[in-house]
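Student: I would like to learn how to read a helix in its surroundings. Please take me through one case.

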Amino acid sequence: EAHRGAETEKMDDPWAPSGSGVNGGITSGDMGAPGLQNATRSDLPAIMNGDFGKAFEQSFKEYAQRPENKALLEKHQKKEFKKAGRLARKAKYAEFQDKVLSADYDAQKNIAPYLENRVLRRIINTFCNDPNNDFSKWANNREVLKLLDSAKRMMDEGRLSEDEAEEMMYQIVSS
């Protein structure tokens, strides 16, 4: 029992600040929106009529225009741009996946052998552009499947690289 008492004394205080730094571990999520973290009761009328946001916007503009902050802001902007690109690619992939999985069984079976090849997958992705939203029409089209099969065979045999196939298709589409 003496040992158990020692354990009780070691228990962390749940109300003690958990982080380090000037704010004792409080994050912006704990305090509301970043612009409102330092707001006081006297700021309430300005917050309600939008003046507080305008003041914050002006303050941020001044911060952004300082030369010493330029590199930091550019770095953050690039990070946000990359993140947006990643999210867009994920959304596009999810949309494509949904189209394939909602197609009939034969359509799924027909295109399955070509999905591992990035060039052929991009071609199959264009089936999603059908004006009538009929992915299966293209995935079940015998002529389209013959073209996919011959392109796959040429790439598998090394007679055509993926880059060459992509360039050839780009030339056909842009002519």
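The dialogue below goes from the overall fold to one helix, its cap and its loops.

Tutor: First, the ground rules. This is a predicted model, in which local features need pLDDT of at least 70 and side-chain atom pairs count only at pLDDT 80 or more, while totals for chains, interfaces and linings use all residues. Residues are numbered from 1 along each chain as its sequence is written, and side-chain values use heavy atoms, with hydrogens and water left out.

Student: How many helices and strands are there in the protein?

Tutor: Helices (H or I, at least four residues) and strands (E, at least two) are DSSP runs, numbered from the N terminus. The protein has ten helices and zero strands. Buried means under 20% relative accessible area, exposed over 50%, and partly exposed in between (1.4 Å probe, protein chains only). Of the 175 residues, 15% count as buried. A contact is a pair of heavy atoms within 4.5 Å; among contacts with a separation of 6 or more, 51% come from residues 24 or more positions apart.

Student: Which residues of helix 7 are buried?

Tutor: In general, an α-helix has 3.6 residues a turn, so residues three or four places apart point the same way. In helix 7, residues 118-125, the buried ones are Val119, Leu120 and Ile124. They lie on the same side of the helix because they cover an arc of only 140° around the axis, the arc being taken from the directions from the helix axis to the C-beta atoms.

Student: Which helices do the buried residues of helix 7 pack against?

Tutor: Their partners are helix 5 (70-102), helix 6 (105-111), helix 8 (135-139), helix 9 (142-156) and helix 10 (162-174). For Ile124, the contacts beyond four places in sequence are Phe96, Ile111, Tyr114, Leu115, Phe135 and Leu148.

Student: Which residues touch the most other members of the largest nonpolar core?

Tutor: In soluble globular proteins, nonpolar side chains tend to be buried together. A nonpolar core here is a set of buried Ala, Val, Leu, Ile, Met, Phe, Trp, Tyr and Cys residues joined through side-chain atoms within 4.5 Å. The largest one has 20 residues, and Ile111, Ile124, Phe127, Phe135 and Leu148 touch the most other members. Helix 5, helix 6, helix 7, helix 8 and helix 9 each give two or more residues to this core, with helix 9 giving the most, five.

Student: At what angle do the axes of helix 7 and helix 10 cross?

Tutor: Axes are lines fitted to C-alpha atoms, for helices over the stretch in contact, and angles run from 0 to 180 degrees between N-to-C directions. These two axes come within 9 Å and cross at roughly 30°. Helix 7 is therefore roughly parallel to helix 10, since angles under 35 degrees count as roughly parallel, over 145 as roughly antiparallel, 65 to 115 as roughly perpendicular and the rest as oblique. At this meeting, Arg118, Val119, Arg122 and Ile123 of helix 7 face Glu162, Asp163, Ala165, Glu166 and Met169 of helix 10 in contact.

Student: Which residue caps the N-terminal end of helix 7?

Tutor: Asn117 does, with a side-chain oxygen 2.9 Å from the backbone nitrogen of Val119. Asn117 sits in the loop between helix 6 and helix 7 and counts as buried at 10% relative accessibility. Beyond four places in sequence, Asn117 is in contact with Met155 and Glu162.

Student: Is Pro113 buried or partly exposed?

Tutor: Pro113, in the loop between helix 6 and helix 7, is partly exposed, with a relative accessible area of 42%. Its C-alpha atom is 8.9 Å from that of Lys152, 39 residues apart along the chain.

Technical notes:
A polar contact is a pair of N or O atoms within 3.5 Å; within protein, one must be able to donate a hydrogen and the other to accept it, and residues adjacent in sequence count only if both atoms are side-chain atoms.
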